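Trainee: Could we go through this model together? I would like to begin with the pocket and then turn to the sheet.

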Amino acid sequence: MPTTLKTTPSLIGKILPAAALATALTVTAGPASAADDEGSWKGEGGLTLNSTDNAAVDTYLDHAHQAEESISTDVRTAALVSGAELVGFEYRLKSADSLKRKVATSLRNHPDQNVDTVLSHLTDAVRYTLQWPEGRYTKGVTRASALLSAWGNDHTKWSNTWGRTSGYKGLNTGWRAPRSGQLYEVQFHTPASKHAQEVTHLLYEELRLPSTSPARKKELQAQQDAVFNAVPVPQGAEQLTAPASPAVPAPALP
């Protein structure tokens with residue numbers, strides 16, 4: 001087992017030459033990752049990002065983290081006014097590894113694209129889930145989405161899958177924040193559809209790996225379908241459409 005230094009940084013500075021200080025602190029912190037040594041990123045299933053693309057994703061993540069505070073203010077207020085439960089708010093920022101896996105997968109599947117193109121279409125580096133009971137779902141979604149639009153958030157995606165005969169059920173929406181321009185995602189769920197999403201998450205993660213065989217993908221999809229087929233569809237959910245853009249844009253906040 002490797003030895004971990006217990007000496008405090010201040011004491012180390014007194015007893016070691018300056019050139020040795022960085023080495024001592026590195027030992028204290030543990031082994032460096034491949035990304036630290038090479039600037040690249042390696043993930044599950046043989047996914048990789050070279051140093052240039054990895055740096056671009058890190059820059060994108062920094063911007064997303066800075067934009068999150070004002071976006072969260074809008075989303076939390078919309079949830080409060082519409083009577084929604086804001087589920088999993090602590091997970092509103094996508095992890096670096098998860099985002100890099102998504103970018104690397106897209107680059108592998110679409111070699112004609114570059115990292116800037118992929119990043120410009122990402123909607124879920126910042127993401128939220130709003131949830132209502134079945135009886136209040138349709139009215140709640142209509143109210144919350146109208147508020148976000150009225151506050152200057154432009155909707156960029158409206159994927160309503162409640163009318164599907166099989167597969168994922170829910171409403172996934174994408175938005176562009178008015179002040180930062182950051183894209184973000186809001187999922188609208190009922191308790192049953194959110195539970196189904198959580199139950200099938202590991203199946204979904206395996207399904208999208210490039211290394212998963214076609215036969216296994218078919219099996220995983222069938223398992224997901226069975227779970228979502230049991231989810232009740234709220235009245236009127238299939239007809240939910242994106243809110244109309246306000247006639248007069250909301251004024252930008254200082």
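Trainee: Which residues lie nearest the centre of the largest pocket?

Mentor: Keeping in mind that this is a predicted model, the residues nearest the centre of the largest pocket are Lys94, Asp124, Gln187, Tyr204 and Arg208, and they belong to a lining of 46 residues. The elements that give two or more residues to that lining include α5 (96-109), β4 (127-131), β7 (183-189) and α10 (214-228).

Trainee: Which element gives the most to the lining?

Mentor: That is α5, which contributes 6 residues to the lining of the largest pocket.

Trainee: And how much space lies in the largest pocket, and what is its lining like by class?

Mentor: The space in the largest pocket comes to about 1500 Å³, and its lining is made up of 21 polar, 13 charged and 12 nonpolar residues.

Trainee: Switching to the sheet, in what order do the strands run?

Mentor: The sheet is open and has 5 strands in the order β3-β4-β7-β6-β5, with mixed pairing. Its edge strands, β3 (85-87) and β5, each pair on one side only, and from one strand to the next the twist averages 25°.

Trainee: How do β6 and β7 pair, parallel or antiparallel?

Mentor: Strand β6, residues 171-176, pairs with β7 in the antiparallel sense over 6 bridges, and Arg176 stands opposite Leu183 in β7.

Trainee: Which strands does helix α7 touch, and what about α8?

Mentor: Helix α7, residues 134-150, packs on the sheet and touches β4, β5, β6 and β7, with its direction at about 165° to that of β7. Helix α8 also packs on the sheet, where it touches β3, β4 and β7, and its direction makes about 120° with that of β7.

How values were computed
Residues are numbered from 1 along each chain as its sequence is written. This is a predicted model: local features need pLDDT of at least 70, side-chain atom pairs count only at pLDDT 80 or more; totals for chains, interfaces and linings use all residues. Side-chain values use heavy atoms; hydrogens and water are left out. On a 1 Å grid over the protein atoms alone, a cavity is a set of points where a 1.4 Å probe fits but cannot get out, and a pocket is an open set with protein on both sides within 12 Å along at least five of seven lines; lining residues have an atom within 4 Å of a point. Grid points are joined across faces, edges and corners, and a volume is the space filled by probe spheres set on the points. Helices (H or I, at least four residues) and strands (E, at least two) are DSSP runs, numbered from the N terminus. Ala, Val, Leu, Ile, Met, Phe, Trp, Tyr, Cys and Pro count as nonpolar, Asp, Glu, Lys and Arg as charged, and the others, Gly among them, as polar. Two strands pair if DSSP finds at least two bridges between them. Axes are lines fitted to C-alpha atoms, for helices over the stretch in contact, and angles run from 0 to 180 degrees between N-to-C directions. Contact means heavy atoms within 4.5 Å.
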